Amino acid sequence: MDNFFLLATQEILNWSVLSLIIIGTICGIISGAIPGFTVTMGIVLAFPFTFAMDAISGLALMSAVLVGGYSGGLISGIMLGIPGTPSSITTIYDGYPMAKRGEPGRALGIGVASSFIGTILSVFVLTTIGPLVARFSLNFGPWEIATLILFALTLVGSLSEGAMIKGLMSGAIGLLIATTGVSAWGQVRFNFGFEALTAGFQLLPVLIGAFAFSQMLENIEQMKENKKQGNEAKKVNMNVHIPYALIIKDVWKQKLNILRSSLIGSLIGAIPAAGGTAANFVSYDQAKKFSKNPERFGKGDPAGVAASESSNNAVVGGAFIPTLTLGIPGNVPMAIMMGVLILHGITPGPMLFSTQPVLVGSIYVSLLVAAIVLVIVMFFLIRVFTKIAQVPQSILVPTVLMLAAVGSFALNNSLFDIWTLFIFGIVGYLLSKGGVPLAPLVLGLVLGSEFEKNLFRALELSPEWTAFLTRPISGTMVILMVASIIFAIWQSYKVKKKMEKKDKVA
Amino acid sequence: MVKNRILSICTLIVCLVMYMETFKFGEKTSVQVVSPAAYPRFLLYFIAGFSIFILIQSFFTKTDKNQAIVFNFKKFWNKYREIILLFLFFGFYVFLLSSNVGFIISTLLFMFASQALLMGLKRLKSVITNISVTTVLTFFVYFTFTEMLSIMLP
């Protein structure tokens, strides 16, 4: 075991950091368990609490929220039949039927155990692949970094929610917002005569405004819709018995399924834009294909719960790979994780592994400890979490909005940041009503200044635009970028044809 | 497809305003390859291009003839009443925070008003829940930030 790993373990295994991991895991589980709240919201709201912490404590808290959040979705999925997070949709397929036939404890137990194994395996993938990617990316110049960022943005934009043009537009809007304020060369841009805008927009208020605000308002719409249709909170049988021996037997039976799903989750997690939902569906589909009894899937097969839950938690470790090694977050939670690093003056990227090995190690250890805490907390407090999952939106929405305002203010003790939150809340909501996905906007915003800096540094070094194509890595990135757009066009064409066919039949 | 038309027209207007602003940027320095306005302008062309594409596409996409295109204020208000009022409440909350009313009073007012909007005040249980959540959360957040995290609130 490397020395840095031992040092990181020492940093994490003290009471103050351990208590943060326990709190983070519990808050994460709650955020995942409440339908419509999502793990992203949990991570957004936990961010302000890290301002006063050192980097390791902040990252430990956020990592724990992530681990808990990806797993928490199984509670509402199994007990209420509503996915707490989009990454636990397939958990319902088998978890909810199991709960209905009187086996909620078994389903929850398999889900928790699979989440635990998924997290552990993904940390293993992160520790083995992460340093290799970091070493490889040490060769990256500004050409490679600029094209890599562009590739990540194109991928997120073109694959988001089936709205390619709007996704790409959203990414460009994010990049444009990032140009506000003083540029890398000292010129002020887009301040519109307001002094407060000279420093540009802070990442957090824009991010919370655009993302959390619109999400909460959509929740209100959903709440009204549910009221209208009479789909209000169901009465849930809270008497959950956990059959430990049977769960161990089930997990042992599903060992190959869990291993395969965890690897799928880790790999998909490392791809920008893919994330937990894709991992969930792909691993569920693979589990069904490899199963001797595929007809049992969807009717309460433990294999479905195991595949779904191991894969979505495995996304956590995978998603850290591009964030830590390349400084490119693949999704919104990782963009916020990057925000934590930047807040503490740490630049994510290939150098991080050599300059801050203890910090990187502390992320590994935090994830491992959070996974252990997850199992203990889930088995002891499952009834409490089920109850909390039913918290009404009428309490949740004002609470989140208030915490968002406090978080935005706490960043710099600036009231301008709360106004920023409010304005971007309106912008985000209107964009989402217009069908514009917000994830590319957030990523564009996070990566905007780095993209501009590297793009123009590359042009300063070699004024020829063709250098982006002739250098092998950046050339490959450009090809991948074009391929991702072509794939998205082909995919939307296929969907359109399918819909037309369906319409004709109807 | 009216939604897409509104989206693209609004985006184009914003692009135009921002484009005009780029003329106020400083001059290019000797170390810069392009002027400070070049990159934002490129992004603006990109966004405007996409908006025009969405606008044109909206005229060629088949719409459901049964779908009412006429704006009905009553229907709109019924659908978005809570959201519009919540925006106003939040705007007022931000205004109160900015005008030295202080975190505790502003938050108590915002939390109570927004919960009252979403859950109503007709039942005693709702009122009790509202007051409890408002009080506990406001003081909990205030205590956590000011005492535990040493972050001063407005």
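In this predicted model, Val44(A) touches Leu207(A), Ile208(A), Phe211(A), Ala212(A) and Ile336(A), when residues up to four places away in sequence are not counted. Val44(A) and Leu207(A) are also among the residues with the most contacts inside the largest nonpolar core, which has 197 residues. Ile149(A), Ala405(A), Val442(A) and Ile47(B) complete that group. Helix α16 of chain A, residues 357-388, gives the most to this core, with 16 residues. Chain B takes part through both of its assigned domains: the core draws at least three residues from each of domain 1 and domain 2.

| Domain of chain B | Residues |
|---|---|
| domain 1 | 1-69 |
| domain 2 | 72-154 |

Taken over C-alpha atoms, the centres of domain 1 of chain B and domain 2 of chain B are separated by 36 Å.

Where the two chains meet, 46 residues of chain B are in contact with 46 residues of chain A. On the chain B side, the elements that give two or more residues are α1 (2-21), α2 (38-60), α3 (73-98), α4 (103-119) and α5 (124-148). Of these, α3(B) gives the most, with 10 residues. By residue class, the side of chain B that touches chain A divides into 34 nonpolar, nine polar and three charged residues.

Methods:
Residues numbered from 1 in each chain as written. Chains lettered and ligands numbered in written order. Predicted model: local features only at pLDDT ≥ 70, side-chain atom pairs only at ≥ 80, totals over all residues. Contact = placed C-beta atoms within 7 Å. Helix = DSSP H or I, 4+ residues; strand = E, 2+ residues; numbered from the N terminus. Nonpolar A, V, L, I, M, F, W, Y, C, P; charged D, E, K, R; others polar. Domains from an automatic or database assignment. Core = buried A, V, L, I, M, F, W, Y, C linked by C-beta atoms within 7 Å. Buried ≥ 20, exposed ≤ 12 C-beta atoms within 10 Å, placed from the backbone.
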